[in-house]
Amino acid sequence: MKPATAAFLAGALTVCVPAAGVLFAPSVNSQVPSGRDVVKPEVYASMEPAGRGGSFQIAVVMNIRQGFHVNAREKSEEYLIATDLKAQFPSGFSGGEVVYPKGQLETFTFSKKPLNVYQGKVILRLPVNALATAPLGEQHIRLKLRYQACSTEFCLLPTTLPLDAAVSITASASTAKPAHAEIFAKQ
């Protein structure tokens with residue numbers, strides 16, 4: 001290649017590569033939120049502390065931004081992504097099935113039939129047993145919350161959030177104390 005041609009190509013690449021970055025860069029001021037921005041989960045334990053040999057519940061409170069909804073656990077259509085909560089129990093703990101609330105049937109312009117959805121504040125409950133072998137002190141139960149948030153105009157990508165349920169364990173169930181009555185009294 002002639003030196004003049006090589007210099008021309010190098011100059012052209014210097015101009016074209018930055019221009020391509022501008023064309024394909026994501027919008028800095030995007031108006032579409034992420035699923036993490038639309039649903040703000042909070043995690044609570046029904047006992048603080050909880051005792052060995054006793055049971056308690058973990059509640060995941062989903063605070064869903066106004067104007068958005070997530071599909072309920074019992075989805076209306078096969079293609080929809082249902083709300084799902086999974087737990088990974090450490091040694092010394094076991095758990096039951098997550099209790100999901102009933103959704104509300106809502107009609108949206110993009111669907112011919114009403115959809116079963118959650119809106120506003122939704123509480124998912126997970127029963128947990130602290131076995132006689134549960135370690136004492138602060139323990140952590142890992143959770144994964146999966147959902148898809150939608151507005152009346154668009155659906156966001158499905159979101160999976162890692163959550164942590166921290167609970168203090170004492171030597172006896174008789175020393176357990178109820179906590180967060182405002183959340184666990186509403187069953």
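Colleague: How many aromatic pairs does a search of the whole structure find?
Modeller: The search finds 1 aromatic pair. Please bear in mind that this is a predicted model.

Colleague: Which residues form the aromatic pair, and is it stacked or edge-to-face?
Modeller: Phenylalanine 68 and phenylalanine 154 form the pair, with 6.1 Å centre to centre and 70° between the planes. The pair is edge-to-face, because planes over 60 degrees apart count as such.

Colleague: Where in the chain do phenylalanine 68 and phenylalanine 154 lie?
Modeller: They lie in distant parts of the chain, 86 residues apart. Phenylalanine 68 is in the loop between β3 (55-64) and β4 (69-71), and phenylalanine 154 is in the loop between β11 (149-150) and β12 (159-170).

Colleague: Is phenylalanine 68 buried or exposed?
Modeller: Phenylalanine 68 is buried, as its relative accessible area is 10%. Phenylalanine 154 has a relative accessible area of 27% and is partly exposed.

Colleague: Turning to the open sheet, what is the order of its strands?
Modeller: The order of the 4 strands is β1-β3-β9-β6, and the pairing is antiparallel. On average, neighbouring strands of this sheet are turned by 30° against each other, direction ignored.

Colleague: Which strands stand at the edges?
Modeller: Those are β1 (39-45) and β6 (93-95). Each has a single partner strand, so one side of each is left without a neighbour in the sheet.

Colleague: How many bridges join β6 to β9?
Modeller: There are 3 bridges between β6 and β9 (residues 121-130), and these strands run antiparallel.

Colleague: What is the bridge partner of glycine 95 in β9?
Modeller: The partner of glycine 95 there is valine 128.

Definitions and conventions. Residues numbered from 1 in each chain as written. Predicted model: local features only at pLDDT ≥ 70, side-chain atom pairs only at ≥ 80, totals over all residues. Heavy atoms only, no water. Phe/Tyr/Trp six-rings, centres within 6.5 Å; stacked < 30°, edge-to-face > 60°. Helix = DSSP H or I, 4+ residues; strand = E, 2+ residues; numbered from the N terminus. Buried < 20%, exposed > 50% of the residue type's maximum accessible area, 1.4 Å probe, protein only. Pairing = 2+ DSSP bridges. Axes fitted to C-alpha atoms, helices over the stretch in contact; angles between N-to-C directions.
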